[in-house]
Amino acid sequence: MFSRGTQNKVYLFLGAFLLTLKLDSSYKPIGIIDSVDAFSMVWKGKAVMVERYDSYLKSGNDVWDEPAVIVLHRYIDFPFFRVGCTRREIFKRDKYVCQYCHYPFSGGKLTLDHVIPKSRGGQKSWENLVTCCIKCNQKKGDRLLREIGMHLWRRPIKPRYRLIDWLGPSIPGIWKPYLSGVYTK
Ligand SMILES: [Zn+2]
């Protein structure tokens, strides 16, 4: 059982651990884990700690540095930080703007449109799903764009974000050098 503290005090409640950035042996970011799990990997010899927080992990009378960034000894070939083709991510890509009438809406007033309708064999993919307002969606129905004379504002493609932006503004500053130049997959 671990607790967590700083130089001056120990937080006796659990579940207050910081997050640790996990890198593979090429220093490529591959995940974000709880600092206790990160500590455990370092302890077992599976990783080394390259950055630490200004805080510590405590268990009984033992005290250890709380890891901020760890590096595995292994190289891992896998597309980490993959942006899923979900409703939320499609809205975000299209900036909550209907891709037919080009008006912005709140999430509750938007839906997803299959450019090539499902009934015509259209897939659930980045290239075939767009943000659409209820009105345009009803107007389009199960038809192809050329059948109804509607046009897409822009061609839908899979988005690519700088990882540092995608993870959001609350990431620890100590991670930033390890995230620069890295994009989502
Ligand atoms: Zn619309």
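This is a predicted model: local features need pLDDT of at least 70, side-chain atom pairs count only at pLDDT 80 or more; totals for chains, interfaces and linings use all residues.

Q: What about the largest nonpolar core, how many residues does it have?

A: That core has 13 residues. Tyr178 is among those with the most contacts inside it, along with Leu21, Leu23, Val69 and Ile70.

Q: And which elements each supply at least two residues of this core?

A: Those are strand S3 (19-23), helix H1 (35-43), strand S5 (47-59) and strand S6 (62-72). S6 gives the most, with four residues.

Q: How many residues are in the second, separate core?

A: The second core has ten residues, including Cys98, Tyr100, Leu110 and Cys133. As a general point, nonpolar side chains tend to be buried together in soluble globular proteins.

Q: Back to H1 for a moment. Which of its residues are buried?

A: In H1, the buried ones are Ser35, Ala38 and Phe39. Looking down the axis of H1, you would find its buried residues within an arc of 100 degrees, so they line one face of the helix.

Q: What do those buried residues pack against?

A: The buried residues of H1 pack against S3, strand S4 (29-34), S5 and S6.

Q: Okay, zooming out. How many helices and strands are there in the chain?

A: The chain has six helices and eight strands. Starting at the N terminus, the order is β-β-β-β-α-β-β-α-β-β-α-α-α-α.

Q: How is the chain divided into domains?

A: Domain 1 covers 3-80 + 162-179, and domain 2 covers 87-148. Their C-alpha centres lie 40 Å apart.

Q: What is the radius of gyration of the chain, and what would a compact globule have?

A: The chain has 23 Å, whereas a compact globule of 185 residues would have a radius of gyration near 16 Å. Along its principal axes, the C-alpha trace spans about 75 × 35 × 25 Å.

Q: Last one: what share of the residues count as buried?

A: Of the 185 residues of the chain, 19% count as buried. As for contacts between residues at least 6 apart in sequence, 55% of them join residues at least 24 apart.

Key. Residues are numbered from 1 along each chain as its sequence is written. Domain bounds come from an automatic or database domain assignment. A nonpolar core is a set of buried Ala, Val, Leu, Ile, Met, Phe, Trp, Tyr and Cys residues joined through C-beta atoms within 7 Å. A residue is buried if 20 or more other C-beta atoms lie within 10 Å of its own, exposed if 12 or fewer, and partly exposed in between; C-beta atoms are placed from the backbone. The arc is that of the directions from the helix axis to the C-beta atoms. Two residues are in contact if their C-beta atoms, placed from the backbone, lie within 7 Å. The radius of gyration is taken over C-alpha atoms; the globule rule is 2.2 Å times the number of residues to the power 0.38.
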